[in-house]
Amino acid sequence: MKQHFMMFAAYNQWANERIYDAALDLTDEEFSRPVGAFFGSLMGTLNHLLVADRIWMKRFTGEGDAPATLDTIVHRALGALRMAREVEDRRIVEWVGDLSEKALAGRFTYMTVTDMRTVSQRLAPALSHLFNHQTHHRGQAHTILAILGRPSVTLDLVYFQRTEEGRAFA
């Protein structure tokens, strides 16, 4: 299981870099333009991804910031948001790399954000959710970029596995 999650942590980092690279030349207006996505704009969507990862990492590790709502805007500027995203992605990669198989099979307990209840579950399925959630909303970010007239970005896991950094997981 550890190798599987290490792959997803590395893939997550790679895919996030590609989304942010594709958004580099957006104007502030385009970045924040509501386009009908669940979190409204690319700014809202990318902030949500950072917020959700921070919430989960706080649950997993007991450390770091955990915004109180899922639609918190951490940064309105793309550059500042990207820097925070890169820090969080490195944190996830390092944390997953330090996990033991025993820890992955273990349980943890946390309080939900949406309805304030206590949940206890195994770590591995929750970690699967973290990476699946990223993929889900990156798909929305990809669509937003297309709506804004930007070229399509290849984000498939198999393409990551064909890169130098992803070849170890293929």
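Colleague: What should the 25 residues of H6 span at 1.5 Å a residue, and how far apart are its end C-alpha atoms?

Modeller: At 1.5 Å a residue, the 25 residues of helix H6 should span 36 Å, and the end C-alpha atoms of H6 are 36 Å apart, which agrees. The expected span is 1.5 Å times one less than the number of residues, and helices (H or I, at least four residues) and strands (E, at least two) are DSSP runs numbered from the N terminus. This is a predicted model, in which local features need pLDDT of at least 70 and side-chain atom pairs count only at pLDDT 80 or more, while totals for chains, interfaces and linings use all residues. Residues are numbered from 1 along each chain as its sequence is written, and side-chain values use heavy atoms, with hydrogens and water left out.

Colleague: Which residues does Gln134 touch, then?

Modeller: Not counting residues up to four places away in sequence, Gln134 touches Asn12, Asn16, Leu49, Asp53 and Arg85, where contact means heavy atoms within 4.5 Å. The side chain of Gln134 also makes a polar contact of 3.4 Å with the side chain of Asn16. A polar contact is a pair of N or O atoms within 3.5 Å; within protein, one must be able to donate a hydrogen and the other to accept it, and residues adjacent in sequence count only if both atoms are side-chain atoms.

Colleague: Which side chain makes a polar contact with the side chain of Arg85?

Modeller: The partner is Asp53, whose side chain makes a polar contact with that of Arg85 at 2.6 Å. Arg85 has its place in helix H4, and with a relative accessible area of 2% Arg85 is buried. Leaving aside neighbours within four places in sequence, Arg85 is in contact with Asn16, Tyr20, Leu49, Leu50, Asp53, Ile92 and Gln134.

Colleague: Changing topic, how many residues does the largest nonpolar core have?

Modeller: The largest nonpolar core has 27 residues, and those with the most contacts inside it are Leu26, Phe31, Leu42, Leu46, Leu145 and Phe160. A nonpolar core is a set of buried Ala, Val, Leu, Ile, Met, Phe, Trp, Tyr and Cys residues joined through side-chain atoms within 4.5 Å.

Colleague: What is Leu42 in contact with, apart from its neighbours in sequence?

Modeller: With the neighbours within four places in sequence left aside, Leu42 is in contact with Ala23, Leu26, Phe31, Ala141, Ile144 and Leu145.

Colleague: How many of the 20 residues of H3 are buried?

Modeller: In H3, 18 of the 20 residues are buried, so H3 is largely enclosed by the rest of the structure. At the start of H3, a side-chain oxygen of Ser41 reaches to within 3.3 Å of the backbone nitrogen of Met43, and H3 is followed by Gly62, whose phi is positive, near 80°.

Colleague: How many aromatic pairs does the structure hold?

Modeller: The structure holds 13 aromatic pairs. The rings of Tyr11 and Trp14, for instance, have their centres 6.0 Å apart and their planes at 35°, so this pair is tilted. Rings of Phe, Tyr and Trp (its six-membered ring) pair if their centres lie within 6.5 Å, and planes under 30 degrees apart count as stacked, over 60 as edge-to-face and the rest as tilted. Tyr11 and Trp14 are three residues apart in helix H1, and are therefore separated by about one helical turn; both are buried.

Colleague: And how do Phe160 and Phe169 pair, stacked or edge-to-face?

Modeller: Phe160 and Phe169 form a stacked pair, with 6.2 Å centre to centre and 25° between the planes. Phe160 is buried at 0% relative accessibility, and Phe169 is also buried, with a relative accessible area of 18%.

Colleague: Which residues form the aromatic cluster?

Modeller: One aromatic cluster is formed by Phe8, Tyr11, Trp14, Phe131, Phe160 and Phe169.

Methods: Buried means under 20% relative accessible area, exposed over 50%, partly exposed in between (1.4 Å probe, protein chains only).
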